[in-house]
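Have the viewer open as you read along.

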Amino acid sequence: MADHSSNRMTVAGCEIEVLRGGSGPAMVFLHGAGGAHKWMPYMDRLAEHYTVYVPSHPGWGRSDTPDWLDGMGDLAYFYLEFLDAIGEDQVHLVGNSLGGWLALEVAVRSAARIETLTLVSAAGIHVAGVPKGDIFLWDDEERVRNTFFDQKMAEARIAATPTEEESDIALKNHFSTAKMAWHPRFYSRELQKWLHRIKVPTLILWGDSDKIFPPAYGEAMQKLIPGSALTIVPECGHLPQQEKLDDFIAGVTAFTAANSTGAA
Amino acid sequence: MKFHFFHLMPYQDIDPDFLEDNKSSWITLPNTYYDPKKGSKLYHRYLDELELADELGFDGVCVNEHHQTAYGMMPSPNVLAGALSRRLKKATIGVIGRALPIVDNPLVIAEEFAMIDNLTEGRFIAGFVRGIGCEYHASMTNPGFSHERFREAHDLIVRAWTEPGPFEFYGKHYHFQYVNLWPRPYQTPRPPIWIPSQGSTETVEFAAHPDRKYTYVITFSPIASVKKNLKAYRDQCEVYGYECPPDQLGWAMPCYVAETDEIARNEAAPHIESLFNRFIMSPAQYKLPPGYSSLNSYKAVMANKYAVRENYLTCDALIENGMFLCGSAATVAEKLEEYQKEMGFGNIAPMLQFGTLPAELTEKNLRIFAGEVMPKVRHLGVTKETVAAE
């Protein structure tokens, strides 16, 4: 396992936890609703290629929940400041699910610090006539089952006994997710009108069996972002970086290598 | 003591096996289960029952608000309050309550309540609630802002009722350049406000505050919890430096009275069990959306309440824990007397129709309650002010 560290850092008056590991070009991974307070295998694999930063969003994990956190716009401005603060000129920005939505909100505001953008099963837009899954009406087990294509992975997750801290973090993450995404449900009205502003190279990765945001969302997103590429990952649910780790790593590394301006 | 017949208006003609194919009677229960021909008959029957209560001498009748459910047919209780307002001769109408946070324009509630207050010449009680968790799924209101929106909507409505307009109101969630209520409420300075609750420290502190002194009504709770919460309210009044008058305390509970304890139990059992095991049923994540309560109270509720609710609640268990007041008139009056002396409430809101309880038993229940229970306990919890007003 690559060396990694957990660091506290304060941005916009909010103290957050940032996991960091690896070396090479900078990559910031914006986690989804479930958070990312533990160093996961996908982070380890990314750390073989990049200097990986995985911040826990304000309101998630072991990060503080600031009074100013009312919506995705707040998180977007927070991350613009975060990108100014980490001492990297430019980063490869990756976002999964709610984190993908967040990456889009950041990128439409300013892509100055973004070298490439990778969106993995990203929220943020609405596609008429394609119902999303309702993670707020599913019970805990349904939520896990509907997250994975491979039900063995789901069952392993369901069978695991979380520590008290993990249970508390899961609840905190769920609360913050609701605050950001309850209404409109996992999108913002303005965002999809302005996605054409994103001019940086953009890769969209999507599981073919995503039950939360069906692949039609990826197709719609690809059309809204000029020059973006869409890769559908077969037999995969909402978390390609966990369920199809090799495909995820191969997709991301090939994309960043092809689109890097600096030394990679 | 004042008696307010509280109707929940369940869609009781539903296929009794509806939970075999559905896990909830809220939000996702297909509305194809609702037959408008049967529903319209039920509306009229229920309104007749509320009007009968007026004739029988109840002090008031109450309706409330729920959405997308067979549990109650009152997404807009003000429509029914409007229908009742020209029919009731003496009784007050309590809308207990409207869910303030789930509307985007709380002035609509201020306006409609003021209209009912005018129509009834002041025989109106305004109830304010946050609304149960299910309403946040139904309305898409973000549960994370529920508390903020409740407080802000409350402030807006009370100011609209009591301050000369026009004035401007700029809050975090509600923004109005012009607040200028037409009509103003009939009662001065405003209608009485009830806060139905299942007990939370924040609500107690809010409702008991000397600036408000709202009537705190505990609903759907085991008697131990009713006692604990009403005591918490009385204690809070003392902290604020005044003694809580009976008027400021209320208890709402399903209630059934018959010729004997045994008859009451036998007649009520299937119907009270339908309420607690079918009409009220929804999974925890329906009732408690994330952010609706604080992290700590969410954890506490999940640990306690829903562990209990997993089990089938029998009529006997409900009588035993005091969630259901049931028996002969003598038994019910005796319990009310005992509880009143202990808890000091001056209002009760018995739900004398519940679940599948049919028309004839509802009418019998109303008549026995009015004829044989009310006279025995009416003298309890009467303050000097109340006597003077009458």
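**Salt bridges and their surroundings**

Arg98(B) and Glu65(B) form a salt bridge, with their closest N and O atoms 2.6 Å apart; the term stands for a side-chain nitrogen of Lys or Arg within 4 Å of a carboxyl oxygen of Asp or Glu. This is a predicted model, in which local features need pLDDT of at least 70 and side-chain atom pairs count only at pLDDT 80 or more, while totals for chains, interfaces and linings use all residues. Residues are numbered from 1 along each chain as its sequence is written, chains are lettered from A and ligands numbered from 1 in the order in which they are written, and side-chain values use heavy atoms, leaving out hydrogens and water.

**The pair in chain B**

- Arg98(B) sits in strand E3 (residues 92–99) of chain B and Glu65(B) in the loop between strand E2 (60–63) and helix H3 (77–85), so the pair ties together parts that are 33 residues apart in sequence.
- Helices (H or I, at least four residues) and strands (E, at least two) are DSSP runs, numbered from the N terminus.
- Arg98(B) is buried at 8% relative accessibility, and Glu65(B) is buried at 5%; buried means under 20% relative accessible area, exposed over 50%, and partly exposed in between (1.4 Å probe, protein chains only).

**Salt bridges in chain A**

- Which residue does Arg62(A) meet in a salt bridge at 3.2 Å, N to O? The partner is Glu17(A).
- That pair links distant parts of the chain, 45 residues apart: Arg62(A) is in the loop between strand E4 (51–55) and helix H2 (72–85), and Glu17(A) is in strand E2 (residues 14–21).
- Arg62(A) is partly exposed, at 30% relative accessible area, whereas Glu17(A) is buried at 5%.
- Glu165(A) also meets Arg62(A) in a salt bridge (2.8 Å, N to O).
- Glu165(A) belongs to helix H6 (residues 164–181) of chain A and Arg62(A) to the loop between E4 and H2, so this pair ties together parts 103 residues apart in sequence.
- Over all chains, the count comes to 31 salt bridges.

**Cysteines**

- The whole structure has 0 disulfides over all chains, a disulfide being a pair of cysteine sulfur atoms within 2.5 Å.
- Cys62(B) is in no disulfide, and the nearest cysteine sulfur, that of Cys255(B), is 14 Å away.
- Cys62(B) is buried, with a relative accessible area of 1%.
- Cys14(A) is buried at 1% relative accessibility.
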